[in-house]
Amino acid sequence: MPLIPDPSGRTRLMQMTWAFAAPLMIEAASQIGLFDLLEREPLTIDQAAAETGTTPRGLAILMQALAALDLLRRDDAGRFGLTADSAAFLVSSRPETDLSGVFRHIRSQVLPNWLELGTVLRTGRPAMRRSEQPGKGDAYFAAFVEGLLPLGWPASTALAGHLDIRDGSVLDIGAGSGVYSLPFALRAKDVRIVAVDLPEVLQVTRRLAARYGVADRLQTIAGDMAEVDFRHGYRVATLGQILHSFDEAKNRALLAKAFAALAPGGTLAIAEFLVDPDRSGPLSSLIFAANMLVNTEGGSTYSFDDIGGWLADAGFARIRPLAVPGPSPLILADRPV
């Protein structure tokens, strides 16, 4: 008689078959403004459908599923409201914690490319070659960098508090929303930001700097970070979730440029999804490496030892981790005095 498969293993695999559903339901609810609506007051399904312009049948199915995910709660009168998690992380009134943009990025930009994973494995080419689509690179990154701000904000705020510089300039390489430099300017009025990114992305950086009231202390350098002149004399330089997009050779070149841009005694801060030295975990970082396989020519995730070795070869000293809120510690390194 054949062996019966382990029921727990079967259950685990079956749960994976619907792993795509929760992010898409959350994104759909954010798209119709459901979480923002329920932040104001609890509503019945019919009331919420009228406010959002959706069908009661469809919204009932969605809201009931979100309640099962503990993202909505239902009272005895049949009204739905937010839970602690959705109130903290899915409403636009809290831009530093609102993860709605992350789910929008997953649905519109990440999932379509992941559907080509089998082809990528066979060809070795990413699903979308932005270098072959003139002008598309700017728009691709500009479309999601603001939505990713909440992912880096806790870590960057902790970094600014740890380094506690009161004046001078911060170089934000691949600035995006400015998430890894804005907290420095918010902390000290004499700190200036120099943001490097593609021209269309820098429009987002400027808009966010204006939102936080530091636009007068923002300068920008538009262009490919591998090619533009960073200038010199910075107290701090940041590489926030940048290295995973490139292979080792390009990362070594970028770290050498960062070293040259820092003033003696200046500090480079790197945020990355770090993996264990033997690449046995964590799972989220290994999945993100697959995301880089799908979306980049040579990107991956790296270990602290990988990046630390590149930093040492570039001339950096005092290479150390900094524990911050987030999936991985930051990596700090100093240019010797």
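Here are a few questions and answers about a predicted model.

Me: Is Leu66 buried or exposed?
Reply: Leu66 sits in helix H5, which runs over residues 56–68. Its relative accessibility is 0%, and the cut-off for buried is under 20%. So Leu66 counts as buried.

Me: Which residues is Leu66 in contact with, leaving aside its neighbours within four places in sequence?
Reply: Start with Ile26, which is 40 residues away along the chain, yet the two C-alpha atoms are separated by 7.6 Å. Ile26 is on the contact list too.

Me: How far apart are the end C-alpha atoms of H10, and what span should its 15 residues give?
Reply: At 1.5 Å a residue, the 15 residues of H10 should span 21 Å. There is a kink of about 25 degrees in H10, centred on Ala155.

Me: What covers the buried residues of H10?
Reply: The buried set is Leu149, Pro150, Gly152, Trp153, Ala155, Ser156, Leu159, Ala160 and Leu163. Their cover includes helices H11 and H12, plus strands E6, E7, E8 and E9.

Me: Which residues lie nearest the centre of the second largest pocket?
Reply: This pocket holds about 310 Å³ of space. H2, H3, H7 and H10 each supply at least two residues of its lining, which by class has six nonpolar, seven polar and six charged residues. Of the 19 lining residues, those nearest the centre are Ser92, Asp98, Ser100, Gly101 and Arg104.

How values were computed
Residues are numbered from 1 along each chain as its sequence is written. This is a predicted model: local features need pLDDT of at least 70, side-chain atom pairs count only at pLDDT 80 or more; totals for chains, interfaces and linings use all residues. Side-chain values use heavy atoms; hydrogens and water are left out. On a 1 Å grid over the protein atoms alone, a cavity is a set of points where a 1.4 Å probe fits but cannot get out, and a pocket is an open set with protein on both sides within 12 Å along at least five of seven lines; lining residues have an atom within 4 Å of a point. Grid points are joined across faces, edges and corners, and a volume is the space filled by probe spheres set on the points. Helices (H or I, at least four residues) and strands (E, at least two) are DSSP runs, numbered from the N terminus. Ala, Val, Leu, Ile, Met, Phe, Trp, Tyr, Cys and Pro count as nonpolar, Asp, Glu, Lys and Arg as charged, and the others, Gly among them, as polar. The expected span of a helix is 1.5 Å times one less than its number of residues. The bend at a residue is the angle between axes fitted to the seven residues ending there and the seven starting there. Buried means under 20% relative accessible area, exposed over 50%, partly exposed in between (1.4 Å probe, protein chains only). Contact means heavy atoms within 4.5 Å.
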